[in-house]
Amino acid sequence: MKKFALFAAASALVLAASGCSAATEAHPEEMHADNGWVRAYEMTAMPGGMTGAFAEITNHTNADVTLVGASSSIANMVEVHEVVSVDGEMKMRPKEGGIVIPAGETVTLEPGGLHIMLMDTTAAILEGDEITLTLDFDGAEDLTVTWPAKSAAAGDEEYQSK
Ligand SMILES: [Cu+2]
């Protein structure tokens, strides 16, 4: 029960931070990122780790928009990744050309699928931390978001460097 309350509070914070609210006239953003979070786990307990960031990204424009990358003071390298099956194993790799969000549609970034990869982290990321990222879009204005760090199960993918 307590856990649920915490989660609800975190979600409310995310909504506020990403500029999304029920009053659609109130925000001019073309792109929305909802329910965003960053995975906190043993690899993020110290600087130099890597982890994924996830969200539902909605394109409110009339044309396709591509998430080509992101930046954050929490990581020296940030990429957009996909997960593919290689010889029966799930591996992640940079998503060539970025992640396309078709006009009017929502694309979900989630463990085991498309995600934003934070690499060579500059500080520990612990559950409850707030992580600020700027999403770099091709076709729309960049969007700065603040997402909570949450511990959660990952997909089973491994990093594929090539
Ligand atoms: Cu990745």
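**The metal site and its surroundings**

Reply: This is a predicted model. The four donor atoms of the copper ion make angles of 93 to 124° with one another, and its site is tetrahedral.

Me: Which residues are the protein donors of the copper ion?

Reply: The donor atoms lie 2.0 to 2.3 Å from the copper ion. In sequence the donor residues follow the spacing H-x10-M-x22-H-x1-M. The donors are H81 (ND1), M92 (SD), H115 (NE2) and M117 (SD).

Me: Are H81 and M92 buried or exposed?

Reply: H81 belongs to strand β4 (residues 75-86) and M92 to strand β5 (residues 89-94), eleven residues apart. Both H81 and M92 are buried.

Me: How many salt bridges does the structure hold?

Reply: The side chains of E82 and R93 form one, at 3.0 Å from N to O. K95 forms another with E82, where the closest N and O atoms are 3.6 Å apart. Shared partners join E82, R93 and K95 into one network. The number of salt bridges is two.

Me: Why does E82 count as buried?

Reply: Buried means under 20% relative accessible area. R93, at 32%, is partly exposed, and K95, at 27%, is also partly exposed. E82 counts as buried because its relative accessibility is 14%.

Me: Which residues have the most contacts inside the largest nonpolar core?

Reply: The largest nonpolar core has 30 residues. F137 touches residues including I57, V65, L67 and I101. Those with the most contacts inside the core are I57, L67, I116, L118, L135, F137 and W147.

Note on methods. Residues are numbered from 1 along each chain as its sequence is written. This is a predicted model: local features need pLDDT of at least 70, side-chain atom pairs count only at pLDDT 80 or more; totals for chains, interfaces and linings use all residues. Side-chain values use heavy atoms; hydrogens and water are left out. Donors are N, O and S atoms within 2.8 Å of the metal (3.2 Å for Na, K and Ca); water is not among the atoms, so sites may look incomplete. Four donors count as tetrahedral if all angles lie between 85 and 135 degrees; four count as square planar and six as octahedral if opposite donors are over 155 degrees apart and all others between 65 and 115; anything else is irregular. Helices (H or I, at least four residues) and strands (E, at least two) are DSSP runs, numbered from the N terminus. Buried means under 20% relative accessible area, exposed over 50%, partly exposed in between (1.4 Å probe, protein chains only). A nonpolar core is a set of buried Ala, Val, Leu, Ile, Met, Phe, Trp, Tyr and Cys residues joined through side-chain atoms within 4.5 Å. Contact means heavy atoms within 4.5 Å. A salt bridge is a side-chain nitrogen of Lys or Arg within 4 Å of a carboxyl oxygen of Asp or Glu. Lists of a residue's contacts leave out its neighbours within four places in sequence.
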